[in-house]
2 protein chains.
Amino acid sequence: LHSRFIGPTVLEVSTHRDDEVPEALYAALTDSVRRLVDLTIRSQADSHRLASAKAFVDSAADELSSIVGRESFGVQHDADGRPRAWGNAVIGLRNALAPPLLVHREDDGSVWADVTLGAAYEGPAGHVHGGICALLLDHVLGATAHKPGKPAVTGTLTLRYELGTRLGPVRAEARVERTEGAKTYAVGHLATPDGVTVRAEGVFIHPRTA
Amino acid sequence: LHSRFIGPTVLEVSTHRDDEVPEALYAALTDSVRRLVDLTIRSQADSHRLASAKAFVDSAADELSSIVGRESFGVQHDADGRPRAWGNAVIGLRNALAPPLLVHREDDGSVWADVTLGAAYEGPAGHVHGGICALLLDHVLGATAHKPGKPAVTGTLTLRYELGTRLGPVRAEARVERTEGAKTYAVGHLATPDGVTVRAEGVFIHPRTA
């Protein structure tokens with residue numbers, strides 16, 4: 001039960017409690033918020049309906065604000081001690097900004113993710129914002145260096161934009177080129193039906209104190 | 001471009017049609033959605049309240065979906081022909097993923113923006129996701145190359161992460177180093193109360209066909 005991950009009380013929550021919120025409910029709520037974010041951009045409804053929508057959104061926020069946790073989600077743990085990055089800007093189950101990316105790991109250490117990017121990720125008309133491309137590539141390159149309980153942070157990241165990345169289906173891929181002590185050198189790219197659009201290389205570091 | 005600064009007086013003047021939605025209503029709705037995104041991550045409300053919140057969110061989405069525009073917002077124009085990037089992932093007035101960044105331009109061509117980043121932008125616990133740092137830097141560096149009606153796209157971008165960027169107030173700055181034909185070479189950084197956290201350099205290009 002993430003909501004009581006404060007000091008020794010984390011031990012108490014290893015048993016299921018009646019008031020524990022099912023993960024599927026968080027996922028469903030967040031998916032609804034993702035749809036709302038998209039419609040807030042694209043709606044052509046009139047002022048009356050927009051005002052009505054705003055009132056519904058505020059009512060939803062009021063329900064959620066009855067009890068609010070820390071300033072940010074951080075990394076909390078489930079009853080079995082597994083980390084939950086539910087607030088993460090790229091993969092967070094409860095973060096409506098996150099598509100979210102579902103990162104798959106292959107036996108050879110490479111990672112990939114398929115994602116569909118809609119209106120909320122737009123920069124140039126009809127295309128993914130160059131910075132969103134960087135966000136996704138930072139995450140998947142970093143994921144090659146990630147080990148359970150031993151996260152990696154970005155040292156350097158270099159991006160080469162070869163084509164515009166059209167909104168729609170995008171694949172992100174990355175693999176380790178080599179490691180040197182605490183440093184992982186990773187390379188990767190984004191691809192759409194047009195082909196490879198952005199290439200990246202980066203150095204990711206396991207901090208001394210995690 | 002940042003017509004949000006213009007204020008309600010001009011909004012009344014620019015309302016040419018009875019059915020035109022005031023900009024301030026779009027801004028208010030999107031601000032409500034931003035608050036909702038934050039609370040969706042941080043709420044510790046029980047299942048009953050979460051389910052109620054989801055129902056409100058779905059009702060809001062239903063109102064908005066009565067009439068829906070194109071697949072993405074693109075760049076539309078107001079009655080005076082000024083471009084509106086309201087869907088943009090970084091600066092979009094109607095994009096709840098965008099903080100949004102308000103980019104200020106100095107006479108010397110440099111740009112800066114102050115922004116407060118909350119739970120939705122988290123990567124490492126308590127810190128801004130490295131890819132969100134890249135997103136902001138891509139945008140402000142690109143903004144140095146931007147000219148009205150002549151947008152620039154990213155050619156290359158290199159980021160050096162010197163410190164973790166704590167959630168909270170962040171300043172983004174960028175300036176032009178030099179230009180060569182259609183290419184603008186820009187440099188910039190992010191800074192928090194801890195000092196400079198991420199440095200960036202990039203090449204931005206005005207496409208032949210805009």
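**Stop 1: a bridge between the chains**

Select Arg49(A) and Glu63(B): their side chains meet in a salt bridge, 2.9 Å from N to O (a salt bridge is a side-chain nitrogen of Lys or Arg within 4 Å of a carboxyl oxygen of Asp or Glu). The count between chain B and chain A is four salt bridges.

Some housekeeping: this is a predicted model, where local features need pLDDT of at least 70, side-chain atom pairs count only at pLDDT 80 or more, and totals for chains, interfaces and linings use all residues. Residues are numbered from 1 along each chain as its sequence is written, chains are lettered from A and ligands numbered from 1 in the order in which they are written, and side-chain values use heavy atoms, with hydrogens and water left out.

**Stop 2: the whole interface**

Now colour the two chains separately. The contact (heavy atoms within 4.5 Å) takes 83 residues from chain A and 82 residues from chain B. About 7,400 Å² is buried between the chains, with carbon and sulfur atoms giving 63% of that; this is the accessible area (1.4 Å probe) that two parts lose on being put together, summed over both.

**Stop 3: the axis**

The same surface serves both copies, as 100% of the contact residues of chain B recur in chain A.

**Stop 4: helix α3 of chain A**

Select residues 47-64 of chain A, which form helix α3 (helices are DSSP runs of H or I, at least four residues, numbered from the N terminus; strands are runs of E, at least two). Which of its residues are buried? Leu50(A), Ala53(A), Val57(A), Ala60(A), Ala61(A), Glu63(A) and Leu64(A), where buried means under 20% relative accessible area (1.4 Å probe, protein chains only). Look down the helix axis: these residues fall within an arc of 155°, so they line one face of α3(A). They pack against α2 (23-42) of chain A, and against α2 (23-42) and α3 (47-64) of chain B.

**Stop 5: the cis prolines**

Finish at Pro100(A), in the loop between β2 (83-84) and β3 (104-105) of chain A. The peptide bond from Pro99(A) to Pro100(A) is cis, with omega near -15°. In chain B, the bond from Pro99(B) to Pro100(B) is cis too, with omega near -10°.

Definitions and conventions. The expected span of a helix is 1.5 Å times one less than its number of residues. Buried means under 20% relative accessible area, exposed over 50%, partly exposed in between (1.4 Å probe, protein chains only). The arc is that of the directions from the helix axis to the C-beta atoms.
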